[in-house]
Amino acid sequence: MERILVKASKHSYPIFIGENIRFRLNKLIEKKYSSILIVSDEKVAELYVNDIVTNFPDEKVFQSIIPVGEQSKRLEYYYQLQTDAIQFGLDRESLIIALGGGVVGDLAGFAAATYMRGIDYIQMPTTILAHDSSVGGKVAINHELGKNLIGSFYPPAAVVYDTQSLETLSEKDIRSGYAELVKEALIADEVFFNKLLNVNLINVKNNQLEEHLSAGIKIKSSVVEIDEQESGVRKNLNLGHTLGHALEAELGYGEITHGEAVAIGLLFSLHVSESTFSSKLPYDSTFQWLKKNNYPLNILQLNEDSIIKKMKTDKKTLNNTIQMVLLKEIGKPIVQEINDYDMKIYLKSFTKKLEIASLVE
Ligand SMILES: NC(=O)c1ccc[n+]([C@@H]2O[C@H](COP(=O)([O-])OP(=O)(O)OC[C@H]3O[C@@H](n4cnc5c(N)ncnc54)[C@H](O)[C@@H]3O)[C@@H](O)[C@H]2O)c1
Ligand SMILES: O=C(O)C(=O)C[C@@H](O)[C@H](O)[C@H](O)COP(=O)(O)O
Ligand SMILES: [Zn+2]
């Protein structure tokens, strides 16, 4: 088992990564809690919730199970969790366990951040993507008008990542999770990036996956330790998200996964970066890798004005001007202001490039 300690403003917290560690959860938690609420989605609950419950034979353990998917990361389910917490009698010494992917982690984390003004919660990520969402304390729900617009920075008490639970993931969710790994590699580590571009996602080996997750988590945690509340370098973790989040909201939450949207967003960032800095970046190799691994890249019918409006709900936006993370080179991200006129040109040239590439197939 690997243990990484993350320093946060409220407290430091450990990330435990290892196979089958969900069965040792009670040994990994140091504190005794008055009661425990496990939050999970229907699919994950069916697979793993009993493994978590059996850790606590002598405690009061409750469950709140939400429907699967991005649509659950909204006010209605946030309110449902608060109602459950009140009705189950959770107090200030209670614990919430977020067992699932980023949807469960963001929603349950935000519920924990606000229930009785804040109680402890533990992230138990069960997707590859959640190596990112479970670390750093960003918790939130979506608004119809924009992603993650209602939320907080609220670090977990611990992250317990059982890599064995990843064996049940679908191809789509493996793909989705790898987009955030590629993002981390692009902002911080060219060697890691080149390694990822050699991976074939349908037969990625367990030891390879663990190596990638550990590398991704180290990049993520080192950034959030320096800038927990995103006044500076943490913005770089948003590479690919200005367009990615806009696509998720524009197409309807859940129509495209977060990672798939981020993958398109990464490609767009490379496109804009190449034009802005007149430099050669790995647009072509990234495109080829995404295509080979079946990422959906067919976003040809974009309404640019509507997308730009959605991009402006991005939390990096200042004075109604879009701020986008670009790359000067791999490992050298920079936040750049882009006006609406230029953005429209970039969106048009990007979709044209994708259209031409789809004709060449
Ligand atoms: N807080 C952050 O810093 C941060 C970072 C990145 C992403 N996010 C958020 O994370 C969310 C996306 O997370 P996600 O991709 O994990 O989505 P998700 O939570 O919806 O999980 C994806 C799918 O995988 C299923 N699943 C989960 N674990 C499984 C397992 N072990 N076996 C089989 N199926 C399993 C789920 O039921 C779901 O159908 C988005 O809302 C995004 O905004 C947050
Ligand atoms: O941790 C961060 O910071 C990130 O930007 C990680 C992203 O992968 C993640 O999707 C995050 O939720 C986006 O944050 P937001 O502030 O743009 O909502
Ligand atoms: Zn993300």
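In the predicted model, helix α9 (residues 241–251) packs against helix α10 (residues 258–277) at an angle of about 135°. The two axes lie 7 Å apart. That angle makes α9 oblique to α10, because angles over 145 degrees would be needed for a roughly antiparallel pair. The crossing of α9 past α10 is right-handed. On the α9 side, the contact is formed by H241, T242, L243, G244, L247 and E248. On the α10 side, H258, A261, V262, I264, G265 and F268 take part. By class, the contact of α9 with α10 comprises six nonpolar, five polar and one charged residues.

H241 of α9, part of this helix contact, is also one of the residues around ligand 2. Charged residues number seven in the shell around ligand 2, with four polar and one nonpolar. Domain 1 (2–167) and domain 2 (171–360) each provide at least three residues of this shell.

Ligand 1 is surrounded by 33 residues. The closest are G101, G102, V103, T127 and S133. Two or more residues of the shell come from each of α2 (42–53), α4 (102–114), α5 (130–133), α6 (171–188) and α10. Helix α4 gives the largest share, four residues. The shell around ligand 1 has 15 polar residues, together with nine nonpolar and nine charged. Both domain 1 (2–167) and domain 2 (171–360) give residues to the shell, so ligand 1 lies between them.

The domain assignment of the protein divides it into domain 1 (2–167) and domain 2 (171–360). Their centres, taken over C-alpha atoms, are separated by 26 Å. The contact between the domains takes 28 residues from domain 1 and 28 residues from domain 2. On the side of domain 1 that touches domain 2, at least two residues are supplied by each of β1 (2–6), β2 (13–18), α5 and β8 (146–153). Strand β8 contributes the largest share of that side, four residues. By class, this side of domain 1 divides into twelve nonpolar, eleven polar and five charged residues.

Note on methods:
Residues are numbered from 1 along each chain as its sequence is written. Chains are lettered from A and ligands numbered from 1 in the order in which they are written. This is a predicted model: local features need pLDDT of at least 70, side-chain atom pairs count only at pLDDT 80 or more; totals for chains, interfaces and linings use all residues. Axes are lines fitted to C-alpha atoms, for helices over the stretch in contact, and angles run from 0 to 180 degrees between N-to-C directions. Angles under 35 degrees count as roughly parallel, over 145 as roughly antiparallel, 65 to 115 as roughly perpendicular and the rest as oblique. A crossing is left-handed if the near helix is turned anticlockwise from the far one by less than a right angle, and right-handed if clockwise. Two residues are in contact if their C-beta atoms, placed from the backbone, lie within 7 Å. Ala, Val, Leu, Ile, Met, Phe, Trp, Tyr, Cys and Pro count as nonpolar, Asp, Glu, Lys and Arg as charged, and the others, Gly among them, as polar. A residue is near a molecule or strand if its C-beta atom, placed from the backbone, lies within 6 Å of it. Domain bounds come from an automatic or database domain assignment.
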